[in-house]
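Here is a protein chain to look at.

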Amino acid sequence: MRPWWLGPIPVVVDRLRTSARLAVLIVVLLIPGIGATISYTNVIGGQVDFARNELAGTVVVRQALLALSDTVGGRAPDLAALTAAVAEHPELMLETKLKAVRSAGTGTPAERLAAAVALGALITEAGNTSQLILDPDLDSFYVMDLHIVQLPKALIAAAGAAAPRAAPGSGELVAEQAVHAGELASAAGSFRSDVTTADASTALDGLAGRLQAVLAAADAVEALSDTLTAALSAPKAVDPTGVADAVRAAVPPATDVLTELLSVRDDRLSGQRLVTLTLTCAGLLLAGWFAAAVMWRTRTDVRTTLAAVTAIAEGDLTTRPLPGGRDELGDIGRALAAARDRLHEQESQLGDARKVREDNLHASFLHQRQAERKLRERAQKLIDESTTAIAAELQNVAGQVERVRSAASVIDERVSTANEATGTVVARSRDTAPVLAALEESLRRVGTMAEMITGIANQTKLLALNATIEAARAGSAGRGFAVVANEVKDLADTTAESTEQITATIASLEHDAGVMSDTIAAMVSGIGGIDDATEVLRNVAADQHEVVEQLNRQVTTTISRIRELSGVAEQLERRQAERIGAAGMVLMRSRGGATGTQPAHLVDLSSGGLRCRAEPQTQVTRGESVDLDLQLGDQVITLQAQVMHLELKRNQVEIGLRFLDPDPATAQRIQTHISAVLDDAREDE
């Protein structure tokens, strides 16, 4: 179980090969070093750029201080040199301040004061943009303070004392000159303090001696301050030329000292950066060189070890190069060499055991062939006896089937005749329906005529009665007519009686005709049912005839097959792919590459396939195509086969394989081996 603190890293590591792991490890180790180097280089580069920016500011400040000294001393300043210095360093962005200086005049003391103030503003701006004002070293800081603050302060105060703004004799003039005197005194003190502190804080030899001009300028500034202080009772403008000359004399050595201090720092930082980068690059190159050697050695050893292990797994025990170093891979190489030697010994032992097993299989094969021959003889005898008896019985069945077929034919003929007669009766019965309908219609007409005759008889009877009455009225003259009237009356009565009898007879006939019609309809319906039953019987007879025919065909086919059984033993003797018992190794490989090499033990062999036994975990499926390495004696042949049979027997998988179109040379090699074994078996018999 992996430690919990490793987190998901082992999952990532498991997905990488050894060389990839080393590459990732090298990259992970180099990234912090490269990052730290880049960070350090950026810091040192920033400090170097800082110092060089200060040097650029020193160039501009030097020209500005010289111009300021000339302006305060009443001389025309060299603005061309100042302009060239500003143009040389555009990164300081002093064009606006320079423009203000160039626009100021220098003719009158007031104009010189304005020009001095503009130059002081340019010096201050140069100190800010060049970052001189932020100088981190004590020695150069105090020298910088002289250039950026104290010298411009003293010169501007001296210019102010030479051009006071207040009216002469006024109190404002006293205050103004007193302020200038204080500024000058403060500047002189700062001159001396800056020189003393810079000399005490620097490792540069002789700095105080090189700044003696600054101390002289301090004396001149202090003298001008004393002059202003002494004249406060009657203040007036003073001449700043002495201060301007002293400061102008102090600017070059002071600027040289500041430039040297900044250059020393720039050189020191540049040297540190160069040394650090050189050592870092050398270390990275050495680390990369060592890492490349480690990766090459590791990859070579891993590849060599993997090739040796793969060869051993595939059964190739030939001598191969193995790692021989003192690391773990060297130990693995030595262990693999020992394992390969042991496998050589085991293979030799297995070869001897295989030869013994082949001899045993050969003896077993001879015994099996004798047993099979006896078994086939007994089977042939039993088959012959059985087929003879079964054939006789089936001949009897065939005779019975023939008689059933004849009876079915007779039934079919009789049913056909009955069906024809029934059809004729049904047709004639259906012909009586119109006759009965016509008879009923005639009887109805006769009934109508009888009713009419009855009416006529009634009228005749009434007429005879009237005639009798009239004859009685006529007396003797009507006696003859009375006789006629009586005869007519008798005729009418007779007619009425006959009509009644006719009506009764017609009613009886209508009733009988209805009964006859119902009887005929029932008879037609019954005959129709007989017709349907006859049709069903006919279909049954036809089905029976078909069944009899099928039974006859099946019996005939069965008799033929039974008769063919007598040649089974002979066919077994003449089978094309005779199988022999065999021993040896079979190496199976999936055609799709899904599984590696899977070993199995040969059981028997034929020219068309083989049977082998493998471990239960062997990954093959029915119908799968595989590549085979088949060991026959001292030779190994490679061919393609298809899995046809899989069965688990005694904790082993029995696999039946069919060869897939082996090349002629391979097929001949297998057949030669089988023939040799069979020849040996026949000689032993």
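Two strands pair if DSSP finds at least two bridges between them. Helices (H or I, at least four residues) and strands (E, at least two) are DSSP runs, numbered from the N terminus. This is a predicted model: local features need pLDDT of at least 70, side-chain atom pairs count only at pLDDT 80 or more, and totals for chains, interfaces and linings use all residues. Residues are numbered from 1 along each chain as its sequence is written, and side-chain values use heavy atoms, with hydrogens and water left out.

Q: What makes strand 5 and strand 6 a pair?
A: Strand 5 (residues 625-632) and strand 6 (residues 635-649) share eight bridges, in the antiparallel sense. The rule asks for at least two bridges, so they pair. Ser625 stands opposite Gln642 in strand 6.

Q: Which residue in the turn between strand 5 and strand 6 has a positive phi?
A: Gly633, with a phi of about 65 degrees. Two residues lie between the strands of this hairpin.

Q: How do you know that strand 6 and strand 7 pair?
A: Strand 7 covers residues 652-659, and eight antiparallel bridges join it to strand 6. At least two are needed, so this is a pair too. Leu646 stands opposite Ile655 in strand 7. In this hairpin, Arg650 takes a positive phi near 50 degrees.

Q: Why is Val149 called partly exposed?
A: Its relative accessibility is 31%. Buried means under 20% relative accessible area and exposed over 50%, with partly exposed in between (1.4 Å probe, protein chains only). Val149 therefore counts as partly exposed. Val149 lies in helix 6 (residues 138-162).
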